[in-house]
Amino acid sequence: IEEASKDQVSLGSTVCIRYIDEDDETDEYMIVGSHEADPFASKISNESPIAKALMNHKVGETVTVESPNGSYQVEITEIK
């Protein structure tokens with residue numbers, strides 16, 4: 001994967017997020033293709049619900065993730 005843009009979330013981005021309404025819990029994920037996905041290494045598929053919601057958004061934005069367990073909101077705190 002080529003160097004990802006740090007302006008907005010894209011394939012290859014490492015994204016730091018904060019869960020809204022979850023006691024400010026945070027996570028960091030790298031967005032990769034489905035064949036490279038490894039949730040135990042924090043590498044999530046670009047086809048996953050959270051990656052789809054984050055794609056093309058910028059730091060400071062809050063997005064809604066539609067998951068099989070219901071929707072929730074996360075804020076993008078950093079793009080690496």
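**Notebook: a look around a predicted model**

I began with Glu22, which is partly exposed, with 43% relative accessible area. A note to myself before going on: this is a predicted model.

**Entry 1: around Glu22.** Glu22 belongs to a patch of negative charge on the surface, together with Asp21, Asp23 and Glu25.

**Entry 2: the core.** Next I turned to the inside. How many residues make up the largest nonpolar core? I noted 16 residues, and those with the most contacts inside this core are Val9, Val15, Ile17, Ile50, Leu54 and Val74. I also checked which elements contribute: E1, E2, helix H1 (49–54), strand E4 (62–67) and strand E5 (70–79) each give at least two residues to this core. The largest share, four residues, is from H1. This reminded me of a general point: in soluble globular proteins, nonpolar side chains tend to be buried together.

**Entry 3: Val63.** I picked a residue in strand E4, Val63. Is Val63 buried or exposed? Its relative accessibility is 5%, and buried means under 20%, so Val63 counts as buried. I then looked across to Gln73: the C-alpha atoms of Val63 and Gln73 are 5.6 Å apart, although 10 residues separate the two along the chain.

**Entry 4: salt bridges.** I went looking for paired charges. As a general rule, side chains of opposite charge can pair when their charged atoms come close. How many salt bridges are there? I counted two salt bridges.

One of them joins the side chains of Arg18 and Glu75, at 2.6 Å from N to O. This pair links distant parts of the chain, with Arg18 in strand E1 and Glu75 in strand E5, 57 residues apart. I looked up the exposure of Arg18 too: its relative accessible area is 23%, which makes Arg18 partly exposed.

The side chains of Lys80 and Glu28 also meet in a salt bridge, at 2.9 Å from N to O. Again the pair links distant parts of the chain: Lys80 lies in the segment after E5, Glu28 lies in strand E2, and 52 residues separate them. Lys80 is partly exposed at 38% relative accessibility, and Glu28 is partly exposed with a relative accessible area of 37%.

How values were computed: Residues numbered from 1 in each chain as written. Predicted model: local features only at pLDDT ≥ 70, side-chain atom pairs only at ≥ 80, totals over all residues. Heavy atoms only, no water. Patch = residues over 30% accessible without salt bridge, like charges linked within 9 Å, V, L, I, M, F, W, Y side chains within 5 Å. Areas by Shrake-Rupley, 256 points an atom, 1.4 Å probe, with all protein chains shown as cover. Salt bridge = Lys/Arg side-chain N within 4 Å of Asp/Glu carboxyl O. Lys, Arg positive; Asp, Glu negative; His and termini not counted. Charge placed at Lys NZ, Arg CZ, Asp CG, Glu CD. Buried < 20%, exposed > 50% of the residue type's maximum accessible area, 1.4 Å probe, protein only. Core = buried A, V, L, I, M, F, W, Y, C linked by side-chain atoms within 4.5 Å.
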